[in-house]
Amino acid sequence: RNLNYAKIEIGYNPITKPIIKDLRNCIVFPLRDKENKIVSFYGRSISNNTDQRHFYLKDRSGIYPHYPKSETEKLIITEAIIDAATLIMNGELLIINGIKPCIIACFGTNGLNEEIRNAIQELTNLNEIIFAFDNDEAGNKAVEKYSEELKEQLPTVKFSKLDLPCKDVNETL
């Protein structure tokens, strides 16, 4: 996936002597609360098992990579944590009209949870949300659904979607 641990906060939890028992053989990403404290973790298995690739600690909370700053004007919402990490690593490419957007990740196409929604609602300077979901049927349907839902609560915000030439942000970059 070309993720560079020197540029983003990630770790690896091995099968033998795991640091976090529930996330064995995973690349591990921290989830943070409003105070920027790590409150949970997401684990992405490096095993080639299509049935079990995504792992969360019980009672998951927090946002990856962190809560958006209150002054955020542009927000990119990715479908997956690895896509958000990919964009963060390549942040120098992400300047839109002179503004560097904030990036946060959903937890899949059904993962725009209440905590993320509440964080977005608190952004009084927000003028644009850009969805960076997978270029597939599920990703496109999720963008349509979330755009409509959020438009009701954020009527002055512009909504758009990245048109990706490949399946997702990570594969594209």
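The conventions come first, and the exercises with their solutions follow.

This is a predicted model, in which local features need pLDDT of at least 70 and side-chain atom pairs count only at pLDDT 80 or more, whereas totals for chains, interfaces and linings use all residues. Residues are numbered from 1 along each chain as its sequence is written, and side-chain values use heavy atoms, with hydrogens and water left out.

**Exercise 1. The nonpolar core**

Identify which residues of the largest nonpolar core touch the most other members, and state which element supplies the largest share.

Step 1. A nonpolar core is a set of buried Ala, Val, Leu, Ile, Met, Phe, Trp, Tyr and Cys residues joined through side-chain atoms within 4.5 Å. Buried means under 20% relative accessible area, exposed over 50% and partly exposed in between, with a 1.4 Å probe and protein chains only.

Step 2. The largest core has 44 residues, and Tyr64, Leu75, Ile77, Ile120, Ile129 and Phe131 touch the most other members.

Step 3. Strands S2 (26–32), S5 (74–78), S6 (102–105) and S7 (128–132), together with helices H1 (81–89), H2 (114–121) and H3 (137–153), each contribute at least two residues to this core. H1 gives the largest share, six residues. Helices (H or I, at least four residues) and strands (E, at least two) are DSSP runs, numbered from the N terminus.

Step 4. Contact means heavy atoms within 4.5 Å. Not counting residues up to four places away in sequence, Tyr64 touches several residues, including Phe29, Leu31, Ile81, Ala84, Ile88 and Ile104.

**Exercise 2. The aromatic cluster**

Trace the aromatic pairs that involve Tyr42, then locate the charged end of Arg60.

Step 1. Rings of Phe, Tyr and Trp (its six-membered ring) pair if their centres lie within 6.5 Å; planes under 30 degrees apart count as stacked, over 60 as edge-to-face and the rest as tilted. The structure holds six such pairs.

Step 2. Phe29 and Tyr42 form a tilted pair, 5.8 Å centre to centre with 35° between the planes. This pair links distant parts of the chain, with Phe29 in strand S2 and Tyr42 in strand S3 (residues 38–45), 13 residues apart. Phe29 is buried because its relative accessible area is 0%, and Tyr42 counts as buried at 4% relative accessibility.

Step 3. The rings of Tyr42 and Tyr56 have centres 5.1 Å apart and planes at 40°, so this pair is tilted as well. Tyr56 lies in strand S4 (residues 54–56), 14 residues from Tyr42. At 28% relative accessibility, Tyr56 counts as partly exposed.

Step 4. Phe29, Tyr42, Tyr56, Tyr64 and Phe107 form one aromatic cluster.

Step 5. A charge sits over a ring if NZ of Lys or CZ of Arg is within 6 Å of the ring centre and within 35 degrees of the ring normal. The charged end of Arg60 sits over the ring of Tyr56, 4.3 Å from its centre, and over the ring of Phe107, 3.9 Å from its centre.

**Exercise 3. Strand S7**

Step 1. Five of the five residues of S7 are buried.

Step 2. Two strands pair if DSSP finds at least two bridges between them.

Step 3. The bridge partner of Glu128 in S8 is Lys158.
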